[in-house]
Amino acid sequence: RSTRHLQLTAEGQKFYDNGKRVLADLNELEALVTARNKPSGVVRINASTATGQRLLIPLVPKLMETYPDLVLDLSFTDYVVDLIEARADIAIRWGRLPSSDNVARLLGHTRQLIVGAPEYLNRMGRPKRPEDLERFVRIGWNYPRAVPHWPLCDKKQKTEDKRKIHISMGQTLRVNDGEAMRHLAIQGAGLARLSLYHAWDDLKAGRLEAVLEDYNAGDLEPIHALYVGKPGHLPLRTRAVLDFLKEHVDLKHAESVPKEFLKRK
């Protein structure tokens, strides 16, 4: 060892190489034993309330039927939790992911759109331009978000500036739960920016109406399943649930807004 460099001795290098072989043998032995067993044990899944109710819960009966020896522990909160601190095996997250040690498996994408109840829009008038939103209640969040505004764009412009219309979320009404935001919008409390997947049934039934779609940038928001660990060395129970989610989560319909959802009066 010098003031600038560290170098292993011959004995240290031998210890390091033997240690790597021992760990590799242990991983191989664990994989061999696990492969002979059926997925069993507790799998803890964390998701937002809206994701849990609309994406995960409908899949639970099929998941339990497929893997009857699993024990599912589901926690729903719109706060982003640390997987290790929360003892979660899997977390389902929407949007851009910050840099972390977690591994992400993409499940799909969905559009974002601004919606309101038809009765509310009939009373307030439908916004024609982004600046019209100033007279509406814009339901916001009461905790920090990766995107703290409503991003819109002017599609008539052909420059990079067309994506730089940022509408602040209002301070009049704030929530910490996506389902609460959806219900408030349905009740006519204001406008909300929701995922198409989240608002699909309400748009289809006419309980909500999309507005300012001419200014929607059309960006797709990714949905990931996060986990801690290396893909090749996960417990069989965790890997089974991840594979199940990848196979059964279907978000293709939520990537574009059907014309029948638009311009209802």
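**Exercises on salt bridges and strand pairing**

At 2% relative accessibility, Asp202 counts as buried in this predicted model.

**Exercise 1.** Determine which network of salt bridges includes Asp202, and work out how Arg182 takes part in this network.

*Solution.* Begin with the network itself, in which salt bridges that share partners join Arg54, Glu179, Arg182, Asp201, Asp202 and Arg207. Finally, check the accessibility: Arg182 has a value of 6%, which is under the 20% limit, so Arg182 counts as buried.

**Exercise 2.** Decide whether Arg105 and Asp243, which form a salt bridge, are buried, partly exposed or exposed.

*Solution.* The side chains of Arg105 and Asp243 meet at 2.7 Å, N to O, and because Arg105 belongs to strand β4 (residues 103-116) and Asp243 to helix α7 (residues 236-248), the pair ties together parts that are 138 residues apart in sequence. With relative accessibilities of 23% for Arg105 and 37% for Asp243, each residue is classed as partly exposed.

**Exercise 3.** Find the residues that stand opposite Asn46 in strands β2 and β3.

*Solution.* Strand β1 (residues 41-47) pairs with strand β2 (residues 70-76) in the parallel sense over seven bridges, and here Asn46 stands opposite Ser75. Three bridges join β1 to the parallel strand β3 (residues 90-94), in which Ala91 is the bridge partner of Asn46.

Notes
Residues are numbered from 1 along each chain as its sequence is written. This is a predicted model: local features need pLDDT of at least 70, side-chain atom pairs count only at pLDDT 80 or more; totals for chains, interfaces and linings use all residues. Side-chain values use heavy atoms; hydrogens and water are left out. Two strands pair if DSSP finds at least two bridges between them. Helices (H or I, at least four residues) and strands (E, at least two) are DSSP runs, numbered from the N terminus. A salt bridge is a side-chain nitrogen of Lys or Arg within 4 Å of a carboxyl oxygen of Asp or Glu. Buried means under 20% relative accessible area, exposed over 50%, partly exposed in between (1.4 Å probe, protein chains only).
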